Amino acid sequence: MAEFFPDVKKIEYEGAESKNPLSFKHYNAAEEVEGKTMQEHFRFGVAYWHTMRGEGADPFGPGTALRPWEGADDVANAQNRARVFFEFLEKLGAPFYCFHDRDVAPEGESLAESNDNLDAVVSVLKEEQDRTGLQLLWGTANLFSNPRYMHGAATSCNADAFAFAAAQVKKMIEVTKELGGTNYVFWGGREGYQNLWNTDMKREMDHLATFMHMAIDYAKQIGFTGQFLFEPKPKEPTKHQYDFDAAACINFIRANGLEDHIKLNLETNHATLAGHTMEHELEYAGSQGFLGSMDANTGDLLLGWDTDQFPTDIYLTTKCMLAILKHGGLAPGGVNFDAKVRRESHEPIDLFHAHIGGMDAFARGLKIAAAIRADGRLENFVKERYGSWDTGIGKDIEGGQASFESLDAYMLDKGEGAPNASGRQEFLENLINEFI
Ligand code: XUL
Ligand code: CO
């Protein structure tokens, strides 16, 4: 088969001194950090929808991307595109990928035709996985592009839209199983509302819970053991998405008895749209036992939408990796680049620059986070800050040996509490800067 990136050889780790833009300066797949290789820490994934299907269109103009392998929107070209993708993955050295059903194969005139189209491309994906050893991190169904989902899918007012979505998810769970995917993602594309005048919120959310129980039952029935993941996002396309943020998702999961089956796939730009930082979302999910995987990207804080840019900010990746290491890592999840090159970066080579930059930024974040943890001053500071809970009255409260009455007696006797210590925020910010 002809090469589609003839000017690019396999991207190698060349070290921090290298000036070769097509090399890794920090991502060294085999290098061990805290007892695991970088490859095992990150489990980097490439998003098919952005990398292969993103053309750079925006509301003001059509796509600009030069993609010499593109042609008719038919199954033959979809199969060829899948082979191009694996050449890209192999040369980049990312071990995983992710896709929606409709990214890889054209939608047909009927559900049956769409399923046939999908099968025809999945057989190429399978062949390419077997040839290269590359793996599927997660599969998902596109329940938001087709006009039938204008009111949502599992939360639509139209029961047939729910039924169609169920059929699509059924098929994609089967496909994800066939390809050995380690996770399956539910991003609630249009699961939300624009206007409460026409919306029965309670009924819509109950339908979403019913949908998830059906998905879990079907996965069990066919023996799919991958992890189910919810991907929170607060807005866009709907004004108010039901999966707003980690806290809203976890509440929904627990309220509907889904906690043994669903974790979270957190995305940086979704966190910032929700008014949070990504480290907040990672920490919240991790502390509640729901950290599953991440969609790595970054937003532009001067714009108010999901710009899905590649992450290059070392502070951001350091904070992400501190949270991920603290909560025991992401596997079977991973770090999927849900990110796209800018409309102006329209040449195929830009796809390499973008992914190399993201992988290197995460590798630096990992090394910095590991150094901060090995140093121990940050951890000790936090431990000491909560020292009043390790002995005396604090220990009694945490141990369940206190009541309002006993605390009232304690304070009446003591008169006033112990003085507060400084939070030392600036001291700690300076401490982190020692490592960046
Ligand atoms: C949308 C988004 C999706 C999901 C998968 O903002 O992030 O691409 O990751 O459906
Ligand atoms: Co995403």
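**View 1. The cobalt ion (ligand 2) sits in an octahedral site.** Let's start with the metal in this predicted model. Six donor atoms surround the cobalt ion, with angles of 80 to 172 degrees among them. The site counts as octahedral because opposite donors are over 155 degrees apart and all other angles lie between 65 and 115.

**View 2. Four residues of the protein hold out donor atoms to the cobalt ion.** If you trace them along the chain, you will find the spacing E-x35-E-x27-D-x42-D. Where in the chain do D295 and D338 come from? D295 belongs to strand β13 (residues 291–295), while D338 is in the loop between β14 (335–337) and α12 (348–375). The pair is 43 residues apart and links distant parts of the chain. Both D295 and D338 are buried.

**View 3. Ligand 1 has a shell of residues around it.** Here you can pick out W49, H100, W138, W187, E231, K233, E267, H270, D295, D306 and D338. By type, this shell divides into three nonpolar, two polar and six charged residues.

**View 4. Oxygen atoms of ligand 1 approach side chains of the protein, including that of D338.** The side chain of D338 has an N or O atom 2.7 Å from a ligand oxygen. For E267 the corresponding distance is 2.8 Å, and for W49 it is 3.3 Å. How much of ligand 1 does the protein bury? Taken alone, ligand 1 exposes 290 Å², and the protein buries 93% of that.

Conventions:
Residues are numbered from 1 along each chain as its sequence is written. Chains are lettered from A and ligands numbered from 1 in the order in which they are written. This is a predicted model: local features need pLDDT of at least 70, side-chain atom pairs count only at pLDDT 80 or more; totals for chains, interfaces and linings use all residues. Side-chain values use heavy atoms; hydrogens and water are left out. A residue is near a molecule or strand if one of its heavy atoms lies within 4 Å of it. A polar contact is a pair of N or O atoms within 3.5 Å; within protein, one must be able to donate a hydrogen and the other to accept it, and residues adjacent in sequence count only if both atoms are side-chain atoms. Accessible areas come from the Shrake-Rupley method with a 1.4 Å probe; for residues, only the protein chains shown count as cover. Ala, Val, Leu, Ile, Met, Phe, Trp, Tyr, Cys and Pro count as nonpolar, Asp, Glu, Lys and Arg as charged, and the others, Gly among them, as polar. Donors are N, O and S atoms within 2.8 Å of the metal (3.2 Å for Na, K and Ca); water is not among the atoms, so sites may look incomplete. Four donors count as tetrahedral if all angles lie between 85 and 135 degrees; four count as square planar and six as octahedral if opposite donors are over 155 degrees apart and all others between 65 and 115; anything else is irregular. Helices (H or I, at least four residues) and strands (E, at least two) are DSSP runs, numbered from the N terminus. Buried means under 20% relative accessible area, exposed over 50%, partly exposed in between (1.4 Å probe, protein chains only).
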